[in-house]
Amino acid sequence: IETINDGIFISTRQGQEVRSVFSGLVTLITKVPTYGQVVIIQHGNYRTVYANLEDVYVAQGDKVSVLQPLGAVKTNAQTGETQLYFQIYKDFNPVNPSAWINN
């Protein structure tokens, strides 16, 4: 079995807020069984994906600014891990997200 992973997992503390890496438009908020709530933001030809959220503070159609809080990361009740799953796409091609992260 081969698994392709176009994003990164970012470990953080319980209740940590997730912030937008760049200004843009919230194009989708959905729920995925394995990744909790998901927020997708469009930044011109780029899209950022923030997955494994427990709470979401924005709505579809909202304009967001850089570093604006989007939601809180979900903690896995079984493992105790709190991890954001983060992806970036240019058009429909995955991009390495590490350069976009503000420490």
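**Reading strands, contacts and burial**

Student: Let's start with Val-21: in which loop does it lie?

Tutor: Val-21 lies in the loop between strand 2 and strand 3 (24–32). A strand here is a DSSP run of E, at least two residues, numbered from the N terminus. By the way, this is a predicted model: local features need pLDDT of at least 70, side-chain atom pairs count only at pLDDT 80 or more, and totals for chains, interfaces and linings use all residues. Residues are numbered from 1 along each chain as its sequence is written, and side-chain values use heavy atoms, with hydrogens and water left out.

Student: Which residues does Val-21 touch, not counting those up to four places away in sequence?

Tutor: Contact means heavy atoms within 4.5 Å. With that rule, Val-21 touches Thr-48, Tyr-50, Val-66, Phe-86 and Trp-100.

Student: Is Thr-82 buried or exposed?

Tutor: Buried means under 20% relative accessible area (1.4 Å probe, protein chains only). Thr-82 counts as buried because its relative accessible area is 6%. You'll find Thr-82 in the loop between strand 7 (69–73) and strand 8 (83–90).

Student: And what is Thr-82 in contact with, leaving aside its neighbours within four places in sequence?

Tutor: Its partners are Ile-10, Ser-11, Thr-12, Arg-13 and Gln-14, plus Val-73, Lys-74 and Thr-75. With Thr-75 there's also a polar contact, side chain to side chain, at 2.6 Å. That term means a pair of N or O atoms within 3.5 Å, one able to donate a hydrogen and the other to accept it; residues adjacent in sequence count only if both atoms are side-chain atoms.

Student: How many bridges join strand 3 to strand 4?

Tutor: There are 7, and the two strands run antiparallel. Look for Ile-29, which stands opposite Val-39 in strand 4. Strands 3 and 4 form a hairpin, with 3 residues between them. Strand 4 (residues 36–43) is mostly covered too: 6 of its 8 residues are buried.

Note on methods:
Helices (H or I, at least four residues) and strands (E, at least two) are DSSP runs, numbered from the N terminus. Buried means under 20% relative accessible area, exposed over 50%, partly exposed in between (1.4 Å probe, protein chains only). Two strands pair if DSSP finds at least two bridges between them.
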